[in-house]
Amino acid sequence: MLNMSAGQTMMSASCLRQMAAQMETPIYYPWYWDLEQEVRAMLRTVLGTEGDVLLLAGSATFGIEAGIRSTIRPGGKVVVINGGVFGQVLVDIVRAVGCVPVEVPVPYGTAPDMDRVARALDQQGVEALAAVHAETSTGTAFPIDRLGALAREKGVLFLVDAVSSVGGMEFHMDAWGVDLCFTSPQKCLSGPQGIAIVAVSERAWQAVRRRERPVDSICLDLEVWKRYHDEKVDAMNRAWRQGAREPRPHGRAAHEPSPSGPLVRGLHGALLDLLKEGLPSVLGRHRVCARAVREAVRAVGLRTVAAEEVAAPVVTVFYLPEGVYEKDFRAAMLSRWGIAIGNGEIGDDNVRVGTMGTAAQPQYVLATVTALEDTLRRFGHRFSAGAGVQAALDVLAAEGSVRWHGSAV
């Protein structure tokens, strides 16, 4: 079976090996502490930050909620760029934690109106701007660099859902002025699901410290997770290395939460594979493979949701022929070809093909396009046989700068 969805994606070779190995010690021994410290250092490289990187137990949504709960006061306004399902998720989380979302709607597959964003940020009581980097429900990439500059100009925090972009698209947290970056391993990093990665700027920590009362949660409090990394990992590791007594941890509970050791080890393997290949090569694979899928879709007479100038290099969302139900189409591809693609998040008339992480390779793209052509014919769609495969081949063959080996399982 081939997983060409928009997540959870296939895991890398080293990730699989590390997760298959025995847990030789619990997570309060130097073997694990060294591993976690290395993971966080590698993530700083991938994210482009010198700030804190926290590893929370849970999916990426846990990290988003923890970040908003910890930095925005109850009743504070957050301007949210809403251009799809995951923009709506940001709206819903802002509202659920007692803050006030100020939506800036963006038509599917288009860029936000920056003037409209600026006007929303000028409203009284706005404390933050929130945006999704790669809106996988529509296949659209949003201009995080420009939005970050605008947030700085207006003096508000900038929160970014980079769940589907990190490891597949350029991301420069510090240079772009991002204060909270939320991501997770199971998309372009080709790691396991179940870790929420939250990178935190000093400006965000200042907002945390300004809170007048504690966060009404322990597991969704960023200070709890920072304390875990600082005291239960970094300080403990120093004590063991120096032969000193272990420091006595303190906190809001007698035993505060920790991440999953096996999942952190799997993430370690995935990051080793990514950085061994090199970020330029990894990003190039994603860019070219996504473009190959888009050109194949157009060659068989179908339409992508995202305009080409804002198309995300990690997922392609396209409309099916009239009258074809997306679940039926996906079921047919799975049963005949053993290929899983993504469901239609924005309606029953579209599907998603992910080119994320390990899946961003020519052999997987060509197999998927072949299956797409066959399935379309079976649903009665007419086009020139082989047109999609040839279009994808043309894109892949024309790109000479991408190194294709090194990431396939």
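**Exercise 1.** In which sense do β2 and strand β10 pair, parallel or antiparallel, and over how many bridges?

*Solution.* The model is predicted. Start with the general rule. Strands of a sheet pair through backbone hydrogen bonds, in a parallel or an antiparallel way. Now take the two strands. β10 covers residues 195-200, and its pairing with β2 is antiparallel, over six bridges.

**Exercise 2.** Find the order of the strands in the open sheet, then its edge strands.

*Solution.* Seven strands make up the sheet. Their order is β2-β10-β9-β8-β5-β3-β4, with mixed pairing. Next, look for strands that pair on one side only. These are β2 (52-57) and β4 (100-105), the edge strands.

**Exercise 3.** Which strands does helix α6 touch?

*Solution.* Locate α6 at residues 144-154. The helix packs on the sheet and touches β3 (77-82), β5 (126-132) and β8 (157-161). Then compare directions: α6 makes about 160° with β8.

**Exercise 4.** Describe the largest nonpolar core and the surroundings of Leu-129.

*Solution.* Count first: this core has 52 residues. Leu-129 and Phe-171 have the most contacts inside it. Helix α2 (residues 30-47) gives the largest share, eight residues. Now list neighbours. Leaving out residues up to four places away in sequence, Leu-129 touches residues including Val-79, Ile-81, Leu-147, Ala-151 and Leu-159. Finally, look elsewhere. A second, separate core has 33 residues, among them Cys-289, Leu-302, Phe-318 and Phe-329.

How values were computed:
Residues numbered from 1 in each chain as written. Predicted model: local features only at pLDDT ≥ 70, side-chain atom pairs only at ≥ 80, totals over all residues. Heavy atoms only, no water. Pairing = 2+ DSSP bridges. Helix = DSSP H or I, 4+ residues; strand = E, 2+ residues; numbered from the N terminus. Contact = heavy atoms within 4.5 Å. Axes fitted to C-alpha atoms, helices over the stretch in contact; angles between N-to-C directions. Core = buried A, V, L, I, M, F, W, Y, C linked by side-chain atoms within 4.5 Å. Buried < 20%, exposed > 50% of the residue type's maximum accessible area, 1.4 Å probe, protein only.
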